Amino acid sequence: MNSIADSGSLPLRNLVVEMRQVQMASQTQPGAESQFATTAQQQVLVLNGRTGHIGLRTSVPMRWMVVTYRQGQARLVPGVVLLEATTGFHALPRWDGTDRVQLELAASQAGNPQVPNQGASASSTVVVPVGTWTTVAESDQAQSYQRSDGWGQDAAQSSRSYALQVRISVR
C-alpha cells in the first residue's frame with residue numbers, strides 16, 4: 001500500500017481505532033521475563049477516511065515513530081519530535097479492503113481538540129496491519145534502577161520504558 005489518497009474509492013465501513021499507553025519492564029535477574037502493563041487506553045469509532053479524536057494523554061515524553069521504506073520494505077524508526085504530557089491525537093485511517101490500514105496521526109497539544117491541526121506539534125503516517133497492536137511512539141529514555149542484596153552485589157537490575165500503540169479493527 002503506497003498511498004490511499006482518493007477517499008472516494010474507500011469501502012464505506014466503520015473502523016475502530018484503539019490507542020494504548022504501555023509500560024514495559026525488563027529485569028536482568030536470572031529467570032525474569034519482560035513484562036508490560038497498559039497504563040491508559042481509549043478507542044474511537046470512525047468512518048473509513050474520516051478523522052476521529054483520541055483524548056489519550058501521555059504521562060511521559062514520547063518519541064514519534066515514522067515509516068521509512070528501504071528496498072520495498074516499510075520499517076518503523078524513531079522520529080525526532082517529542083510528544084508531551086498533554087498530547088491528544090487526531091486519527092485518520094484509510095483502509096482499502098486489504099489487511100493493512102494507512103493511518104495518519106497528528107498530535108494535538110493545545111487548543112480545541114475537535115479542530116485538527118490547531119496546536120498540532122507532530123504528525124506521522126504509518127501503515128499498520130489490521131487487528132495488530134503496533135508501536136507508534138516510545139519513550140526517549142528507559143528509566144533504570146538497581147537493587148543490592150546487602151553484600152555489595154547487585155541482585156537485580158530493571159528498566160522501564162513507555163510506548164504508545166495503536167490497533168485498528170474493521171466493523
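Rings of Phe, Tyr and Trp (its six-membered ring) count as a pair if their centres lie within 6.5 Å, with planes under 30 degrees apart called stacked, over 60 edge-to-face and the rest tilted. I searched the whole structure for such aromatic pairs and found zero.

**Ground rules**

I am working from a predicted model, where local features need pLDDT of at least 70 and side-chain atom pairs count only at pLDDT 80 or more, while totals for chains, interfaces and linings use all residues. Residues are numbered from 1 along each chain as its sequence is written, and side-chain values use heavy atoms, with hydrogens and water left out.

**Overall look**

I looked up the secondary structure and got zero helices and eleven strands. Helices here are DSSP runs of H or I with at least four residues, strands are runs of E with at least two, and numbering starts at the N terminus.

Next I checked burial, where buried means under 20% relative accessible area, exposed over 50%, and partly exposed in between (1.4 Å probe, protein chains only). Of the 171 residues, 35% count as buried. The protein exposes about 9,700 Å², and carbon and sulfur atoms supply 45% of that; these areas come from the Shrake-Rupley method with a 1.4 Å probe, and for residues only the protein chains shown count as cover.

For contacts (heavy atoms within 4.5 Å), I took residues at least 6 apart in sequence: 63% of those contacts join residues at least 24 apart.

**Strand β6**

How many residues of β6 (residues 88–95) are buried? I counted eight of eight. In a regular strand the side chains alternate between the two faces of the sheet. In β6 both faces are covered: G88, H90, L92 and R94 are buried on one side, and F89, A91, P93 and W95 on the other.

Then I looked for its partners, given that two strands pair if DSSP finds at least two bridges between them. Three bridges join β3 to β6, and the two run antiparallel; H53 has H90 in β6 as its bridge partner.

Is A107 buried or exposed? A107 counts as buried because its relative accessible area is 0%. A107 and F89 are 18 residues apart in sequence, yet their C-alpha atoms are 4.5 Å apart.

**N48**

I found N48 in the loop between β2 (35–47) and β3 (52–54). N48 is at 7% relative accessibility, so it counts as buried. What does N48 touch beyond its neighbours within four places in sequence? I noted L10, P11, R13, L15, P93, R94 and W95. A polar atom of the N48 side chain lies 2.7 Å from the backbone oxygen of W95.

Q35 is in strand β2, and it is exposed because its relative accessible area is 58%. Setting aside residues up to four places away in sequence, Q35 touches Q23, M24 and A25. I also looked at Q35 and R160, which are 125 residues apart along the chain, with 9.5 Å between their C-alpha atoms.

Last entry: the charged end of R20 sits over the ring of W133, 3.9 Å from its centre. That label requires NZ of Lys or CZ of Arg within 6 Å of the ring centre and within 35 degrees of the ring normal.

Definitions and conventions
Polar contact = N/O pair within 3.5 Å; in protein donor to acceptor, adjacent residues only side chain to side chain.
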